[in-house]
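Subject: Handover of a structure

Hello,

I am passing a structure on to you. Please look through it with the notes that follow.

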Amino acid sequence: MKITEVKMKRITEPTGKLLAVASVLIDNSFVVKDIKLVKNNEKYIVAMPSKWSNGEFKDICNPINKETRKIFEEAIMNEYSKLS
């Protein structure tokens with residue numbers, strides 16, 4: 001699996017912990033949208049897409065192992081650093 005593109009929209013006037021929202025293109029063939037970058041207590045967190053249903057959050061999609069999560073986190077953080 002190779003991440004071939006990351007598009008990121010910075011939240012220009014954050015009112016909470018949300019800093020940016022990203023879309024990630026995988027192998028030029030599959031896109032994951034609405035990945036959130038949040039900052040909580042000086043720690044950056046990549047939050048995969050989810051929805052609110054019946055009083056709780058439900059995952060829409062997410063990496064199933066540490067290696068894949070790391071690939072997403074590094075690609076998103078790299079793109080975010082370019083926005084600064």
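In which sense do strand E1 and E2 pair, and over how many bridges? Strand E1 (residues 3–10) and E2 pair in the antiparallel sense over seven bridges.

Before the rest, some housekeeping. This is a predicted model, in which local features need pLDDT of at least 70 and side-chain atom pairs count only at pLDDT 80 or more, while totals for chains, interfaces and linings use all residues. Residues are numbered from 1 along each chain as its sequence is written, and side-chain values use heavy atoms, with hydrogens and water left out.

Strands and hairpins

Helices (H or I, at least four residues) and strands (E, at least two) are DSSP runs numbered from the N terminus, and two strands pair if DSSP finds at least two bridges between them.

The hairpin of E2 and E3 has three residues between the strands. Asp27 is found in this loop, between strand E2 (18–26) and strand E3 (30–40), and has a positive phi of about 50° although it is not a glycine. Asn28 is found in the loop between E2 and E3 as well, and its phi is near 50°, again a positive value. Most residues other than glycine have a negative phi. For accessibility, buried means under 20% relative accessible area, exposed over 50%, and partly exposed in between (1.4 Å probe, protein chains only). Asp27 is partly exposed because its relative accessible area is 41%, and Asn28 is exposed because its value is 60%.

A further hairpin is formed by E5 and E6, with two residues between them. Strand E5 (residues 50–53) is joined to E6 by four bridges, and the two run antiparallel. Ser50 has Asp59 in E6 as its bridge partner. In the turn, Asn54 has a positive phi of about 50°.

The nonpolar core

A nonpolar core is a set of buried Ala, Val, Leu, Ile, Met, Phe, Trp, Tyr and Cys residues joined through side-chain atoms within 4.5 Å. The largest one has 17 residues, of which Val6, Val24, Ile35, Phe72 and Ile76 touch the most other members. The elements that give two or more residues to this core are E1, E2, E3 and H1. E2 gives the largest share, five residues.

Val32 has its place in strand E3 and is buried because its relative accessible area is 6%. Val32 and Val6 are 26 residues apart in sequence and 9.7 Å apart in space, C-alpha to C-alpha. Another pair, Gly16 and Ile64, is 48 residues apart in sequence and 28 Å apart in space, C-alpha to C-alpha. Gly16 lies in the loop between E1 and E2 and counts as exposed, at 52% relative accessibility.

Aromatic pairs

Rings of Phe, Tyr and Trp (its six-membered ring) pair if their centres lie within 6.5 Å; planes under 30 degrees apart count as stacked, over 60 as edge-to-face and the rest as tilted. By this rule the count comes to two aromatic pairs. One is Tyr44 with Tyr80, a tilted pair at 6.2 Å centre to centre with 55° between the planes. This pair links distant parts of the chain, 36 residues apart: Tyr44 is in strand E4 (residues 43–47) and Tyr80 in helix H1 (residues 66–83). Tyr44 is partly exposed, with a relative accessible area of 36%, whereas Tyr80 is buried, with 11%. Trp52 and Phe57 have ring centres 4.9 Å apart and planes at 75°, so this pair is edge-to-face. Both Trp52 and Phe57 are exposed.

The largest pocket

A pocket is an open set of points on a 1 Å grid over the protein atoms alone, where a 1.4 Å probe fits and protein lies on both sides within 12 Å along at least five of seven lines; lining residues have an atom within 4 Å of a point. Grid points are joined across faces, edges and corners, and a volume is the space filled by probe spheres set on the points. The largest pocket holds about 230 Å³ of space. Its lining includes Asp34, Lys36, Phe57 and Arg69. E3 and strand E6 (56–59) each supply at least two lining residues. The lining divides into five nonpolar, two polar and five charged residues, where Ala, Val, Leu, Ile, Met, Phe, Trp, Tyr, Cys and Pro count as nonpolar, Asp, Glu, Lys and Arg as charged, and the others, Gly among them, as polar.

Regards
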